[in-house]
Amino acid sequence: MKPGKPGRAARRVVYERDGAQCCYVSPSGVRCTAKAFLQYDHIEATGIGGDDDAANGRVFCRSHNLSAAKKTFGREHVEEKMRLRQRRHSDAEDATDAGARDKQDKLLLALTTQGFKKCEAKKAPEKLAGEARTLSLQELLRRALALLVPR
């Protein structure tokens, strides 16, 4: 298993032990009441030698998890990691969009080679644009034909 990725059993133990609530306790002794958007946090980060056992895990809300990371690794390091993750996510979305556009272009080509006029064939890829990300080209072609061929 990759460091920093505790197994399901360890996560389950930690969430149950912490009562599915952020376990951050302020210096004045008040526990955070957050019960939504919880994250698994390592008490001793795996980057500095911590392990993935349940004994090294805790449940934190996003803001307390971020604060703990900044305290351990420094604000600059954490913000750079966040920028890199956002860039990777954005690049993945761009690739997905490009793949969907490519499918729409291939769909239009397939329809025009089957004898549909281009102005007529363009309507189907436009109507199916939202589904182009998730459907195969073959399924898109089936749906396009169902839209274009009257029954």
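Biologist: Leucine 109: buried or exposed?
Modeller: Exposed. This is a predicted model, and in it leucine 109 has 55% relative accessibility. The cut-off for exposed is over 50%, so leucine 109 counts as exposed.

Biologist: Which helix does leucine 109 lie in?
Modeller: Leucine 109 is in helix α3.

Biologist: How far is leucine 109 from alanine 121?
Modeller: Their C-alpha atoms are separated by 8.8 Å. Along the chain, leucine 109 and alanine 121 are twelve residues apart.

Biologist: Now alanine 100. Where does alanine 100 lie?
Modeller: Also in helix α3, which covers residues 75-113.

Biologist: Is alanine 100 buried or exposed?
Modeller: Buried. Alanine 100 has a relative accessible area of 8%, and buried means under 20%.

Biologist: What is alanine 100 in contact with, leaving aside its neighbours within four places in sequence?
Modeller: With Ala132 and Arg133.

Biologist: And how far is alanine 100 from alanine 9?
Modeller: The two are 38 Å apart in space, C-alpha to C-alpha. In sequence, 91 residues separate alanine 100 from alanine 9.

Biologist: Let's talk packing. How many residues has the largest nonpolar core?
Modeller: That core has 13 residues. Leu107, Leu111, Leu140 and Ala144 have the most contacts inside it. Helices α3 and α6 (137-148) each supply at least two of the core's residues. The largest share comes from α3, with four residues.

Biologist: What does alanine 144 contact, neighbours within four places in sequence aside?
Modeller: Alanine 144 is in contact with Leu107, Leu111, Ala124 and Leu128.

Biologist: Which residues does the second core include?
Modeller: Val14, Cys22, Cys23 and Cys61 are among them. That core is separate and has twelve residues.

Biologist: Switching to pockets. How much space lies in the largest pocket?
Modeller: About 1300 Å³.

Biologist: Which lining residues lie nearest its centre?
Modeller: Asn65, Ala69, Phe73, Lys81 and Arg85. In total, 31 residues line the largest pocket.

Biologist: How do the residues of that lining divide into nonpolar, polar and charged?
Modeller: Twelve are nonpolar, nine are polar and ten are charged.

Biologist: Which elements supply at least two residues of the lining?
Modeller: Strand β1 (38-42), helix α2 (62-73) and helix α3 each do.

Biologist: Aromatics next. How many aromatic pairs does a search of the whole structure find?
Modeller: One. Tyrosine 24 and phenylalanine 60 form that pair, and it is edge-to-face. The rings sit 6.2 Å centre to centre, with 75° between the planes.

Biologist: What does the pair tie together?
Modeller: Parts that are 36 residues apart in sequence. Tyrosine 24 is in the loop between α1 (8-17) and β1, while phenylalanine 60 is in strand β2 (residues 57-61).

Biologist: Which of the two counts as buried?
Modeller: Phenylalanine 60, at 5% relative accessibility. Tyrosine 24 counts as partly exposed, at 29%.

Biologist: Last topic, the backbone. What is phi of alanine 20?
Modeller: Near 50°, a positive value in a residue other than glycine. Most residues other than glycine have a negative phi. Alanine 20 lies in the loop between α1 and β1. With a relative accessible area of 38%, alanine 20 is partly exposed.

Biologist: And what is the phi of phenylalanine 37?
Modeller: About 55°, again positive, although phenylalanine 37 is not a glycine.

Biologist: Where is the place of phenylalanine 37?
Modeller: In the loop between α1 and β1. Phenylalanine 37 is exposed, with a relative accessible area of 74%.

Terms used: Residues numbered from 1 in each chain as written. Predicted model: local features only at pLDDT ≥ 70, side-chain atom pairs only at ≥ 80, totals over all residues. Heavy atoms only, no water. Buried < 20%, exposed > 50% of the residue type's maximum accessible area, 1.4 Å probe, protein only. Contact = heavy atoms within 4.5 Å. Core = buried A, V, L, I, M, F, W, Y, C linked by side-chain atoms within 4.5 Å. 1 Å grid on protein atoms, 1.4 Å probe; cavity = no way out; pocket = protein on both sides within 12 Å on 5 of 7 lines; lining within 4 Å. Points joined across faces, edges and corners; volume = space filled by probe spheres on them. Nonpolar A, V, L, I, M, F, W, Y, C, P; charged D, E, K, R; others polar. Phe/Tyr/Trp six-rings, centres within 6.5 Å; stacked < 30°, edge-to-face > 60°.
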